[in-house]
Amino acid sequence: MGTKKKLTPVGVWHYVRLVYRSVLFLLLVFAYIRYRYVYGEPFIIGLEKMPGIIIFVWTVYFIEMVFRFFPSKIESPGSQKQFARNYIKTGKTEVIIPDNNAVMLVALIWIVFNGIFGMLHMIGILDDGIMILLCGAYSVCDMICIMFFCPFQSWFLKNKCCGSCRIYNWDFAMMFTPLFFVEKTYTWSLLLLSVALLVRWEITFYRHPERFSENTNGYLKCANCTEKLCGHKKQL
């Protein structure tokens with residue numbers, strides 16, 4: 001039998017985020033049911049009567065995104081390859097990113113998918129609360145994609161792992177897409193910061209594509225991985 005592989009600090013951090021994101025999502029679901037069906041008032045109005053919850057949830061995700069702008073040893077290599085300090089020259093010059101052609105397809109599918117929810121919101125079938133719950137569900141699904149199964153990786157991008165993922169730092173922008181339809185300062189501020197994170201990622205990619213290719217950046221080699229989720233996934 002093979003030796004059981006232990007979780008790395010990065011893997012542990014993933015589990016921590018999965019737990020608290022799941023708890024936050026369940027609390028939001030509970031609050032939605034309570035206000036929408038027990039008290040008979042819009043969820044967003046009930047939520048704003050408890051500003052402490054809004055401040056707490058906003059702060060959690062704001063801090064997560066701010067940390068993504070800087071190098072970190074406990075973040076996934078998938079998000080850290082953009083930084084110059086993590087660029088390990090292999091001696092090769094050909095930038096090979098096989099999943100780059102599928103990026104626009106993923107973006108189009110995501111926009112259309114969320115556009116359907118947005119349309120339902122605009123005609124009054126879905127309320128602001130559902131759009132917020134959708135973000136909560138996306139936040140949990142984001143961790144499931146990283147830790148267990150990612151449809152974008154398996155069906156579209158075909159990248160070997162999260163470490164080499166071309167769209168890793170799109171996650172927050174994708175997560176908060178539904179907030180575009182919720183016209184509140186605290187929702188749009190999260191959305192704008194997530195878009196800034198995505199834009200910074202894309203600018204870095206086009207200025208320094210060599211950092212995103214395993215052929216030119218040794219940081220993306222399996223031997224240098226600080227995540228080791230591939231071995232963990234096989235055990236699961």
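Reader: What do the buried residues of α5 pack against?

Author: They pack against α6, α7 (151-157) and α8 (171-175). Keep in mind that this is a predicted model.

Reader: OK, and which residues of α5 are the buried ones?

Author: Val 103, Val 106, Ala 107, Trp 110, Asn 114, Gly 118 and His 121.

Reader: How many residues does α5 have, and how far does α5 reach?

Author: α5 has 20 residues and spans 28 Å from its first C-alpha to its last. That is close to the 28 Å expected at 1.5 Å a residue.

Reader: What about just after α5, what does Gly 124 do there?

Author: Gly 124 takes a positive phi there, about 90 degrees.

Reader: And Ile 125, where is that found?

Author: Ile 125 sits in the loop between α5 (103-122) and α6 (128-147).

Reader: Buried or exposed, that Ile 125?

Author: Ile 125 is exposed, because its relative accessible area is 56%, and the cut-off for exposed is over 50%. Ile 125 also belongs to a nonpolar surface patch, along with Leu 108, Val 112, Ile 116, Met 119, Met 122 and Ile 123. Together these residues have about 740 Å² of accessible area.

Reader: Switching to charges. How many salt bridges does the structure hold?

Author: The structure holds 10 salt bridges. One of them pairs Arg 21 with Glu 64, with the closest N and O atoms 2.7 Å apart. Arg 21 is in helix α1 (residues 9-38) and Glu 64 in helix α3 (residues 51-68), so this pair ties together parts that are 43 residues apart in sequence.

Reader: Are Arg 21 and Glu 64 buried or exposed?

Author: Both Arg 21 and Glu 64 are buried.

Reader: Which salt bridge does Asp 142 form?

Author: Asp 142 forms one with Arg 21, and the closest N and O atoms are 2.9 Å apart. Asp 142 lies in helix α6 and Arg 21 in helix α1, so here the linked parts are 121 residues apart in sequence. Asp 142 is buried, as is Arg 21.

Reader: And what about Glu 202 and Arg 166?

Author: Their side chains meet in a salt bridge, 2.8 Å from N to O. Glu 202 is in helix α9 (residues 185-207) while Arg 166 is in the loop between α7 and α8, so the pair ties together parts that are 36 residues apart in sequence. Glu 202 and Arg 166 are buried.

Reader: Last one: which residues do salt bridges that share partners join into one network?

Author: Arg 17, Arg 21, Glu 64 and Asp 142.

Notes
Residues numbered from 1 in each chain as written. Predicted model: local features only at pLDDT ≥ 70, side-chain atom pairs only at ≥ 80, totals over all residues. Heavy atoms only, no water. Patch = residues over 30% accessible without salt bridge, like charges linked within 9 Å, V, L, I, M, F, W, Y side chains within 5 Å. Areas by Shrake-Rupley, 256 points an atom, 1.4 Å probe, with all protein chains shown as cover. Salt bridge = Lys/Arg side-chain N within 4 Å of Asp/Glu carboxyl O. Helix = DSSP H or I, 4+ residues; strand = E, 2+ residues; numbered from the N terminus. Buried < 20%, exposed > 50% of the residue type's maximum accessible area, 1.4 Å probe, protein only. Expected span 1.5 Å × (residues − 1). Contact = heavy atoms within 4.5 Å.
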